[in-house]
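Please read these points alongside the sequence and the coordinates.

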Amino acid sequence: MGEEANCNVAMESAAPKENGHTTGAAAAEAKAAAAWAEIAVTDAAAVPKPTPPPAAVAVDPRLQGISDAIRVVPHFPKQGIMFNDITPLLLRPGVFKDAVDIFVERYRGMGIAAVAGIEARGFIFGPAIALAIGAKFIPLRKPKKLPGEVISETYVLEYGTDCLQMHVGTIEPGERVLIVDDLVATGGTLCAAIRLLERAGADVVECACLIGLPKFKECTWLHSLQIASEHWTDIDKSAVHY
């Protein structure tokens with residue numbers, strides 16, 4: 001191969017020239033080579049460049065520890081229910097802190113005036129988040145738990161009804177509020193909490209839950225730290241009828 005290359009160079013240099021240009025067959029060959037080179041450049045420009053793959057979305061490493069700390073208990077409190085137990089997470093101070101910190105990182109600087117926690121496990125995360133972002137904490141309780149004048153919201157469950165109550169005067173009209181609970185299942189309790197707060201004049205910014213179930217993946221008003229391989233879940237407030 002090297003010898004053929006050397007021979008081609010020798011032939012080109014030996015071809016007779018006129019006014020600095022090759023003549024005869026050599027000139028024709030040179031012209032044809034130039035034409036093919038131009039076609040090659042044009043074709044190369046016409047070929048679309050491959051699109052680079054999208055950048056990988058960084059996953060917060062704390063989420064795996066949170067997922068691992070949530071225990072699923074089959075058939076509790078009754079047959080057919082897969083109960084998500086957060087008590088093992090509460091026994092691990094580092095993981096518990098990670099869960100609170102992730103919520104705090106999201107909501108700090110959003111102008112939230114109050115965090116409303118739903119009885120009972122919303123009382124576990126809500127006060128910690130409220131303190132960290134400089135907001136007041138409002139307990140949303142079951143009937144006959146709050147003394148004094150209350151505002152109530154009744155909602156339908158799969159079997160029967162339930163009710164949430166809040167003290168009158170805890171919210172100023174237009175205050176931005178975050179609702180906190182441990183898990184969103186059907187969304188009924190969260191929707192009742194939203195109605196209750198909005199009746200008092202609150203601007204409900206979002207609902208925050210530790211665990212979000214897959215049925216709410218397509219929505220955007222709720223943010224939850226998801227169990228298993230799921231992580232941040234978005235729930236659209238407009239998609240939930242309340």
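1. pLDDT is the predictor's confidence in each residue, on a scale from 0 to 100. The model is a predicted one. Its protein chain has a mean pLDDT of 77, and 65% of the residues reach 70 or more.

2. Two stretches call for caution. Residues 1–23 have pLDDT below 50, and beyond near neighbours in sequence this stretch has nine contacts in the model. Over residues 226–242 pLDDT also stays under 50, yet the model has 61 contacts for them beyond four places in sequence. Where pLDDT is low, the predicted coordinates should not be read in detail.

3. How do helices α5 and α6 pack, in angle and distance between axes? Helix α5 spans residues 93–107 and helix α6 residues 122–133; the angle is about 50 degrees and the axes are 9 Å apart. That angle makes α5 oblique to α6. The crossing of the two helices is right-handed.

4. On the α5 side, the contact is made by Phe 96, Ala 99, Val 100, Phe 103, Val 104 and Tyr 107. Helix α6 contributes Ile 124, Phe 125, Ala 128, Ile 129, Ala 132 and Ile 133. By class, the residues of this contact are 12 nonpolar, no polar and no charged.

5. Is Cys 191 buried or exposed? Cys 191 lies in helix α7, residues 188–199, and has a relative accessible area of 4%. Buried means under 20%, so Cys 191 counts as buried.

6. Cys 191 and Cys 207 are 16 residues apart in sequence. In space their C-alpha atoms are 9.6 Å apart.

Notes
Residues numbered from 1 in each chain as written. Predicted model: local features only at pLDDT ≥ 70, side-chain atom pairs only at ≥ 80, totals over all residues. Heavy atoms only, no water. Axes fitted to C-alpha atoms, helices over the stretch in contact; angles between N-to-C directions. Helix = DSSP H or I, 4+ residues; strand = E, 2+ residues; numbered from the N terminus. Parallel < 35°, antiparallel > 145°, perpendicular 65-115°, else oblique. Left-handed = near helix turned anticlockwise from the far one by under 90°. Contact = heavy atoms within 4.5 Å. Nonpolar A, V, L, I, M, F, W, Y, C, P; charged D, E, K, R; others polar. Buried < 20%, exposed > 50% of the residue type's maximum accessible area, 1.4 Å probe, protein only.
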